[in-house]
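Thanks for taking a look at this one with me.

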Amino acid sequence: MRLINRTPGRLAATALGVLPFLILVLIYGLASQQRLAENPNDKLLPGLEQMTAAVDRMAFQEDRRTGDYLMWVDTVASLERLGMGIGIAAVMALVVGLVNGILPLVRANLAPLVSTLSMVPPLAILPILFIVFGLGELSKVMLIVIGTAPIMMRDVAQRVRELPTEQLIKVQTLGANSWQVVTRMALPQVLPRLIDAVRLSLGPAWLFLIAAEAIASTEGLGYRIFLVRRYLAMDVILPYVIWITVLAIVIDQCLRLANRRLFPWYNAGGH
Amino acid sequence: MSFISVNKLWKEYGDQVVLENLNLEINEGEFCTLVGASGCGKSTFLKMLLGQETLTRGELLLEGETFPEEPDRNRGIVFQRYSVFPHLTVRQNVLMGLELEQKPVLGKLFGKARKEALARVDEMLESVGLTASADKWPHELSGGMQQRLAIAQSLIMRPRVLLLDEPFGALDPGIRKDMHELLLKLWREIGITIFMVTHDLQEGFFLGTRLLVFDKTRNDPHAPGAYGATITYDLPIGNTDEKLLRDIDQSVANTARHQAN
């Protein structure tokens, strides 16, 4: 049988999926063990013991200086920035994408600008943001907005334009005015697609968040990682990276489920 | 004055002539079927009736007035596919037109007005045989049922003209026959003017009151776009025989072959 026609069973598929994770953990464990055997104070590849101790210190004990549980403070700060940034970007993408997709006059006017803006590397204008908006929360949120909104705008506009012409004609023969075409035909059909766009934009959003926090911040997951880097505190950095990954997966899956629940017609192949 | 009149109508895209010198008078309540080879302008003509395309020269009049240049609620349309809204259930799909008409800003009906509108919707669904599927999503319906829905959605607006662009082209032959019966029934009940484009000559021959054959009378093999199509047969249905059907079939097939070369 050809390789392309050989499919794993359920159990085999799960096993195959888990295998790379196991190998990764195993390699790390062996390497860590070896280094710690040579030097018990090695900081580069901390073992499970050191990492649990670090997590316990960061997440479950009050910080001696501030009296806060640092990991939670960092998590809340970062999620707030991420949520605000991506939320604002999504709303902007929806509005601009809809009018761009539906109204040829606006598209002629706005589409070149949106395309150009989406090509500007957001990190290159981070200094401008710091100068204009200061080092506070606003500039970090703005970086996420600027980094993700233009691409989502283009995506939404594209999704609107992919709606069949037949539907656009049909809704007009039912007497719809332009406003109704947007609100009753385009908007409801584009919402689930917007959620998909947000899911894809979350990756870049995390990137911009951590970059902004690394440069100017007093708390946040990205700030902490870059802070403890000075002490080579891999026992803190690694759990933080894993924690960020877990958060990203959870947010992504929540959005996926929300999409399924809210738009049953979309996921059942109704589009 | 007739309901729709077409005077010396031409349609060209650049050098390519699609329709040449079309003349036609249609009375209110007629059921016209438009047949012809692909590329002979029957869909283009339908789009002009709809307001999706504009004519190049000539006149297209509805009760003596020029046709509006964009689609409106007086002209319903059913396409071969994608005519219904996937994000609305069957009932909501039919309700949509009533809501859009009564609520220009919100586009939604509430309370008593909604209840009254839904009563009309259910009546409509009953007459196209979709009562049992009222709360389903369009993707849960078969192709034939989706077309029934598209027809119901248009007819609830009581348009003056109903345009059908190969509405049954994607359906199985058996289902197609049911749809013919449904369409004739609705047409008799409502007395609306219908234009239907079809590929299927048989369908055109036995459905409706008038058959319009779009065909090219001249063909230049070196410049396929030089001559457009026009109406070569305009026949009242009922006075037709097998030989005529074969003649038309032959002529349409010839044109199709020329187009393909």
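1. A word on the model first. This is a predicted model, in which local features need pLDDT of at least 70 and side-chain atom pairs count only at pLDDT 80 or more, while totals for chains, interfaces and linings use all residues. Residues are numbered from 1 along each chain as its sequence is written, and chains are lettered from A and ligands numbered from 1 in the order in which they are written.

2. Strands here are DSSP runs of E with at least two residues, helices are runs of H or I with at least four, and both are numbered from the N terminus. Two strands pair if DSSP finds at least two bridges between them.

3. Now look at β6(B). Four bridges join β6(B) to β7(B), and the two run parallel; Arg75(B) stands opposite Val161(B) in β7(B). Both faces of β6(B) are covered, with Arg75(B) and Ile77(B) buried on one side and Gly76(B) and Val78(B) buried on the other. Buried means that 20 or more other C-beta atoms, placed from the backbone, lie within 10 Å of the residue's own.

4. Next comes β9(B). Strand β3 (residues 31–36) of chain B runs parallel to β9 (residues 210–215) of chain B, joined by five bridges, and Leu34(B) stands opposite Leu212(B). With β10(B), β9(B) pairs in the antiparallel sense over six bridges, and Phe214(B) has Ile231(B) as its bridge partner there. Five of the six residues of β9(B) are buried, so this strand is largely enclosed by the rest of the structure.

5. Why is α4(B) described as largely enclosed? The reason is that 11 of its 13 residues are buried. What covers the buried residues includes α7 (165–173) of chain A, together with β6, α2, α3, β7 and α5 of chain B.

6. Between the chains, the contact takes 27 residues from chain B and 22 residues from chain A; residues are in contact if their C-beta atoms, placed from the backbone, lie within 7 Å. On the side of chain B that touches chain A, α2(B) gives the most, with four residues.

7. Finally, chain A is divided into domain 1 (3–45) and domain 2 (70–267), with bounds from an automatic or database domain assignment. Their centres, taken over C-alpha atoms, are separated by 33 Å.

How values were computed:
Two residues are in contact if their C-beta atoms, placed from the backbone, lie within 7 Å. A residue is buried if 20 or more other C-beta atoms lie within 10 Å of its own, exposed if 12 or fewer, and partly exposed in between; C-beta atoms are placed from the backbone.
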